[in-house]
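Subject: Handing over the structure

Dear colleague,

Please find below the structure that I promised to pass on to you.

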Amino acid sequence: MDIFEKITSLAKRRGFIYQGSEIYGGLAGTWDYGPLGAELKRNIKNEYWKTMVQLRDDVVGIDAAIIMNPKVWEASGHTESFADPLSECKKCHHRFRADNIIPEELFTSENFKIADYKCPDCGGELTEPKRFSTLVETYLGVIEGEKLKTYLRGEITQGVHVNFKNVLSSSRVKIPFGVAQIGKAFRNEITPGDLTFRSREFEQMELQFYVKPEDEESMKWFEFWKEARRQWYLSLGMRAENLQFKKHVKLAHYAKAAFDIEYHARDEWWEMEGIHHRGTWDLSRHEQFSKQDLTYFDEETKERYTPMVIETSGGVDRATLFFLMDAYREEEVKEGDVRTVLKLHPKLAPMKAAVFPLLANKPELVAKARSVYEDLKKDWMIAWDERGNIGKRYRSQDEAGTPYCITVDFETLENETVTIRDRDTMEQKRVKISDIHDFIRSKLV
Ligand code: GAP
């Protein structure tokens, strides 16, 4: 099994990720997060918010609507050019995103000929690539003929730019400053797949950082955010050898620079987050289409200008998937005995600890363990397990990524101490019950 298959199996078995609408045969490109997956995803979003908003004086957060006035998508250029090239095999009729089969630099070159490429599945001839809009349409209103056609947002970005004026007038931000957001986006992907990697409904976590429209100043911020975003993944335990930057060969006409942060899996590199220099495109287009003044007045220099934008745009679902892959290990504990363990950073782990009574049939141990559990869960997500033997419980928590297992045993009843077993080293130590809070807290900084 390759890593995608292993993660798919673990994700379903342990309640991280399920196929969307599974009992009805599923719906391509949609996924549901189970009890552990919902926690992992929430922890990733919380860490993002903490790093990008809470700890920064120059970034504020917003939460804009998914459905927007359709003019937004005209202004942003999406109705005109948010489209993917589809090619179909004339023999097996499988459909492909042409730019996925053909290297980007060749696909965009003038000498490109589709006849030079064949169907990756059966070797058949491919049709000339045709562009299809990936915007997901929706209709508002109940009366036929009066319904308003609009879209489920194709990116969360525009919700920030249309609120530029509101944020300026309602908070004390001064350029350079950023607006961050986390939320759902929708795309009619031609070939959804590779688990959640290419979904039709997914979540993004983005920063739009407004800077002075000067090349040097804006490139300084571009480099700053590029490295800051890489560091964020590293700080949450992603292995450096699995990350790389990829420079975009083809830039949007308004863009000055663009890089992807890619993750290495199955001998390929996968886009996880984009860092884009968007120039003044967004604000100047919204100014043109809305006829509103979206310029910025700099009180210090007395200059008025349209700011440039440095964007960092990450996928929450892709980050979740790659944090899972990065954490996944199969370790031989002793000959013939392999444990599956998710070495997730404690900040991301769905459960911060699990509490067990050593024996489930000793009411005094169960009562004591229960009191430890009830106390800890006021502060953190804590698992309870009294099934099977202690070894099986450890293995089960290893697979769920729980960093610490706390066992209440007979010694606990005598001296108010428990054992804490570390997921990664499998070592155990005795800790006073009154010190468990501090112990867990010390692992979450
Ligand atoms: N605002 C810029 C923007 O949306 P993008 O490169 O199209 O840029 C940014 O998307 C990120 O959103 C990607 O790097 C990826 O992590 C995530 N993403 C995009 N399409 C996705 C899809 N179909 N399924 C899951 N995540 C997706």
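I begin with a loop: Pro176 is found between helix 8 (164-170) and strand 9 (177-186), where helices (H or I, at least four residues) and strands (E, at least two) are DSSP runs, numbered from the N terminus. The peptide bond that leads from Ile175 to Pro176 is cis, with omega near 5°. Another loop, between strand 9 and strand 10 (201-211), holds Leu195, and phi of Leu195 is near 55°, a positive value in a residue other than glycine. For background, most residues other than glycine have a negative phi, and most peptide bonds are trans.

Before going further, please keep in mind that this is a predicted model, in which local features need pLDDT of at least 70 and side-chain atom pairs count only at pLDDT 80 or more, whereas totals for chains, interfaces and linings use all residues. Residues are numbered from 1 along each chain as its sequence is written, and side-chain values use heavy atoms, with hydrogens and water left out.

The protein chain is divided into domain 1 (3-70 + 154-324) and domain 2 (351-443), with bounds that come from an automatic or database domain assignment. Their centres, taken over C-alpha atoms, are 37 Å apart. Seven residues from domain 1 and six residues from domain 2 take part in the contact, which means heavy atoms within 4.5 Å. Between them the two domains bury about 570 Å², 47% of it on carbon and sulfur atoms; buried area is the accessible area (1.4 Å probe) that two parts lose on being put together, summed over both. Arg14, Leu36 and Glu39 supply 65% of the area that domain 1 buries against domain 2, more than any other three residues.

Across this interface the rule finds two salt bridges, a salt bridge being a side-chain nitrogen of Lys or Arg within 4 Å of a carboxyl oxygen of Asp or Glu. The side chains of Glu399 and Arg13 meet in a salt bridge, at 2.6 Å from N to O. The structure as a whole holds 49 salt bridges, and one of them joins the side chains of Glu330 and Lys6 at 3.3 Å, N to O. Because Glu330 lies in strand 17 (residues 328-334) and Lys6 in helix 1, this pair ties together parts that are 324 residues apart in sequence.

Finally, 22 residues surround the ligand, the closest being Glu155, Thr157, Arg187, Glu206 and Glu271, where a residue counts if one of its heavy atoms lies within 4 Å of the ligand. An N or O atom in the side chain of Glu155 is 2.8 Å from a nitrogen atom of the ligand. On the backbone, a polar atom of Met272 is 2.8 Å from an oxygen atom of the ligand, and an N or O atom of Gly315 lies 2.9 Å from an oxygen atom of the ligand.

Methods:
A polar contact is a pair of N or O atoms within 3.5 Å; within protein, one must be able to donate a hydrogen and the other to accept it, and residues adjacent in sequence count only if both atoms are side-chain atoms.
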